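User: Hello! I am new to this structure and would like to understand how its features get their labels. Could you take me through some of them?

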Amino acid sequence: MEANICSYPPLGRVTQLKDKTFQFAALLEVEIDHAEDPWEVAVWHSSAEGDWRETLLASFPAGNSPASLQFTRPETSLLYFRAPFLVPSSMNFTLKFRNGPEQPWRWAQEASGLMDGVVLINPEDTLYRTDENLSDFIHGLNPELSVKEAASQTPNTRLWTVEANVGPAEEDRSAYADVELGTPWGGALRYFALVRHGSPWLGPRHGSGLFNLDKDGVMCSFLGPQGRHLVLLGVSGPNNVITLLRSSGSGSVKLHIRNDEEAQSSGLVLAAVGDNFESAIAAVMYHARTVVFATSDTEDDFTRELRNLSNDIKPEWYENWYDGLGYCTWNALGQRLTDERIINAVEALAKDNINISSLIIDDNWQDIDYEGQDQYNYGWKGFEAEPNAFPHGLKDTVSRIRSKHPSIQHVAVWHALLGYWGGISSTGHLAKTYETVQVDRDDSNLRGPMTVIAKEDVAKFYDDFYRFLSDSGIDGVKTDVQYMVDTWVSAKSRRELINTYLDSWMISALRHFSIKVVSCMSQAPQLLFHQQLPRNRPPMLVRNSDDFYPDIPESHPWHLFANAHNALLTQHLNILPDWDMFQTDHEFAGFHAAARCLSGGPIYITDVPGKHNIELINQMTGPTPRGKTVVFRPSVLGKSVDPYTSYDEPAILKIGSYHGRAATGTPMLGVFNTSRSSLRELIALSDFPGVLSSIAYVVRAHRSGFVTPVIERNSPTANLTVSLDVRGYDIFTAFPITQYDSETNGKIFVANMGLIEKMTGAAAITAYQSELLHNGRVFLDTRLKALGVLGIYISSLPTMSIERDFMVTILGQPIPPHTVTVNAMDDHVLNIDVETAWKELGLESGWSNEVEVKLYFDVEHP
């Protein structure tokens with residue numbers, strides 16, 4: 001007899017709660033033939049006195065249980081149990097169950113493999129204390145370090161700077177220092193780190209107990225036994241010093257410092273303590289920005305030109321760059337591009353009515369010498385495209401694309417920061433035009449010299465190149481392989497050239513392309529702090545993780561997991577994280593599409609010509625009244641809602657996002673099964689970002705279209721039952737409720753759901769207001785950025801008549817009656833087919849690129 005159990009708070013994880021009293025809920029999945037057995041579920045848990053005891057949970061009928069927004073399996077039945085708990089400070093627990101009082105107990109660990117869960121009670125007013133020192137949080141804190149408290153810019157956090165000496169670079173060799181820091185909390189319950197997963201990329205690492213990293217860390221967070229979070233951030237860049245975090249064999253933290261200057265210096269680590277991870281990481285990131293700004297020259301030529309160029313850029317320019325659907329040639333067209341292959345791909349997209357607004361011509365269009373054993377040694381010869389593949393030049397190719405496909409507003413090309421992977425060809429035209437130098441590289445997969453443009457010509461080189469591109473019709477670039485500057489061995493080359501390249505590239509990108517760029521392979525430490533953290537420039541797109549690899553099945557779950565956790569740090573940079581391209585005709589296509597929609601970043605595809613999932617593309621995008629295809633980016637970046645759950649644990653990856661203003665906006669939660677077996681969980685409404693206890697919500701599942709009853713954060717039924725097969729995913733959106741009181745129908749609850757056929761359709765709403773008019777009618781005014789089906793939740797809809805009780809207009813015109821219907825999956829949802837109505841009415845956008853929908857209905861309906 002098979003049975004599976006899950007709970008909230010969950011097994012295998014640490015759950016932090018503010019209230020000492022809470023409802024413990026358990027869900028038991030049993031075979032349908034045994035659903036009527038007298039099942040019992042008990043919590044075996046520790047008490048404040050240290051002993052363990054048993055609490056039996058009460059069975060609850062399905063009508064008073066957590067909502068399920070998915071199609072159920074007919075061969076199984078779901079049974080719900082719960083009981084109130086009072087936990088003064090902390091509790092360890094596991095579960096056991098049996099199908100009758102005479103049957104033996106089965107333990108949850110035997111059934112599911114899940115270890116004990118932990119509940120920590122940490123009310124906010126008990127956590128912020130000013131009488132504690134950093135040594136209270138880091139046991140054995142090295143007394144030789146310089147530790148100073150600093151003012152935190154985040155409420156209810158404490159912040160310190162920690163400095164360790166490092167000697168000067170000598171004889172063109174960087175100086176290094178490895179310095180003991182101490183052991184956070186004397187041993188943490190859980191830790192989460194972002195490490196240099198590869199030289200160009202960050203990646204997450206997790207653990208419990210002994211702190212152990214396999215790579216150098218940029219940020220590490222430690223959850224203490226009382227529920228507080230200690231975040232450490234190694235600051236890199238200022239004064240040409242890099243500071244990273246390592247683990248010792250005993251579980252302590254060590255600082256690994258590199259100094260490229262010819263003077264003694266110090267490495268800097270920022271340490272913050274807070275009652276939640278988000279506050280603590282915000283504290284160190286805000287202060288890091290202050291440190292970087294304080295160590296920069298605010299009136300040098302670079303800063304002045306940066307300020308002048310930034311002032312000329314309008315936000316809509318770069319929003320237009322990433323709000324449309326993009327297409328990239330990389331995985332689609334493969335190696336050795338030609339003009340005809342690119343043009344044929346664009347033609348294929350148009351033939352299938354896929355309306356892209358930006359095109360990225362990726363690697364392999366350049367004139368390369370192909371000398372050496374691999375791409376890391378190939379050098380770039382000249383600005384013009386490869387003459388055999390583009391016989392009429394780059395300008396001719398771009399001109400043909402733009403003339404035949406005017407909807408493609410932006411065409412960008414790929415290039416490496418240093419020209420190509422191996423830099424500049426020593427025998428090509430560029431080497432004859434600009435001064436060059438040779439620098440040595442040392443990395444895990446490459447060693448040896450490369451030729452690069454010398455310091456005195458870097459600015460001219462970028463300016464000339466981007467002028468050539470602009471003259472050829474190019475208006476954006478994807479600048480890749482940026483980490484290569486961090487592989488340089490010479491201390492002199494590093495301190496003289498790294499910032500020169502980064503700054504010159506930034507100025508030229510602003511001057512010629514108004515920051516329409518994608519910065520790629522640029523998560524090396526000094527690039528994060530020097531290029532991406534400062535706010536004295538417009539934000540740019542930056543790749544957020546390693547690549548999308550279509551032919552490596554195991555890479556796809558990791559890709560989502562890494563992006564969701566990297567975003568916990570990159571959300572604080574002055575960038576828009578780019579989760580990379582993907583293919584819509586792929587076994588993981590929906591998996592990737594849902595994550596991209598939640599990310600808040602751009603969406604661009606790399607489909608092989610003619611191989612597209614049109615239905616999936618339509619779930620991500622929509623047409624504007626002017627005919628452009630746009631994506632629906634939430635206003636808050638998507639990220640993992642549980643920093644401390646590791647990739648190897650049997651747990652659902654939850655990516656949280658939010659759209660709109662605080663309190664009145666719309667929380668979103670994506671759920672993804674990144675494991676190798678099916679998973680079932682109870683997910684609390686409180687896991688949704690931005691959910692407030694003072695507001696009621698209805699939650700809708702994208703894939704099924706099912707909607708919960710009205711629920712509140714602290715209600716006993718404010719949990720969702722979620723089941724995902726391998727590669728399964730869904731997006732749940734919590735819509736805030738507005739209540740109207742009527743004399744004849746009592747309380748009526750209303751929520752605006754946005755475009756309900758889109759994955760993140762709530763982000764289609766640009767403005768919304770509602771009010772009860774003096775004549776007893778409710779008036780809803782919605783502005784949308786695209787056409788589609790607008791969904792309105794109305795609790796009394798099942799008793800109403802569309803013909804009698806409703807009036808809907810678009811741009812002041814009543815819409816055809818057949819475009820207003822009751823939703824097939826939930827009869828509380830009114831469907832307004834704005835796209836069909838727009839077409840049938842023959843409407844035009846005029847000066848606005850939005851569509852305004854007005855809905856009136858009578859709350860005193862019969």
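This is a predicted model: local features need pLDDT of at least 70, side-chain atom pairs count only at pLDDT 80 or more; totals for chains, interfaces and linings use all residues.

User: What makes β12 and β15 a pair of strands?

Analyst: Two strands pair if at least two bridges are found between them.

User: Why is β3 called largely enclosed?

Analyst: A residue is buried when its relative accessible area is under 20%. In strand β3 (residues 21-31), 8 of the 11 residues are buried, so the rest of the structure largely encloses this strand. As for its partners, β3 pairs with β1 (residues 3-8) over 6 bridges in the antiparallel sense, and 11 bridges join β3 to the antiparallel strand β8 (residues 76-86). Val-30 is the bridge partner of Ala-3, and in β8 the partner of Val-30 is Ser-77.

User: Why are β45 and β52 said to stand at the edges of their sheet?

Analyst: The sheet is an open one of 5 strands, in the order β45-β46-β49-β53-β52, with antiparallel pairing. β45 (738-742) and β52 (820-822) each have a single partner strand, so one side of each has no neighbour in the sheet. On average, neighbouring strands of this sheet are turned by 25° against each other, direction ignored.

User: What joins β49 to β53, and which helix lies across them?

Analyst: Strand β49 (residues 789-794) and strand β53 (residues 829-833) are joined by 5 bridges, with Gly-791 opposite Asn-831 in β53. Helix α16 (residues 834-841) lies across both strands, at about 35° to β53.

User: What makes a residue part of the lining of the second largest pocket, and which are closest to its centre?

Analyst: Lining residues have an atom within 4 Å of a pocket point. The second largest pocket has a volume of about 1,000 Å³. Of its 45 lining residues, Gly-198, Ser-199, Pro-200, Asp-443 and Tyr-483 are the closest to the centre. The lining divides into 18 nonpolar, 10 polar and 17 charged residues, and β16 gives the most to it, with 3 residues.

Technical notes: Residues are numbered from 1 along each chain as its sequence is written. Side-chain values use heavy atoms; hydrogens and water are left out. Helices (H or I, at least four residues) and strands (E, at least two) are DSSP runs, numbered from the N terminus. Axes are lines fitted to C-alpha atoms, for helices over the stretch in contact, and angles run from 0 to 180 degrees between N-to-C directions. Contact means heavy atoms within 4.5 Å. On a 1 Å grid over the protein atoms alone, a cavity is a set of points where a 1.4 Å probe fits but cannot get out, and a pocket is an open set with protein on both sides within 12 Å along at least five of seven lines; lining residues have an atom within 4 Å of a point. Grid points are joined across faces, edges and corners, and a volume is the space filled by probe spheres set on the points. Ala, Val, Leu, Ile, Met, Phe, Trp, Tyr, Cys and Pro count as nonpolar, Asp, Glu, Lys and Arg as charged, and the others, Gly among them, as polar. Buried means under 20% relative accessible area, exposed over 50%, partly exposed in between (1.4 Å probe, protein chains only).
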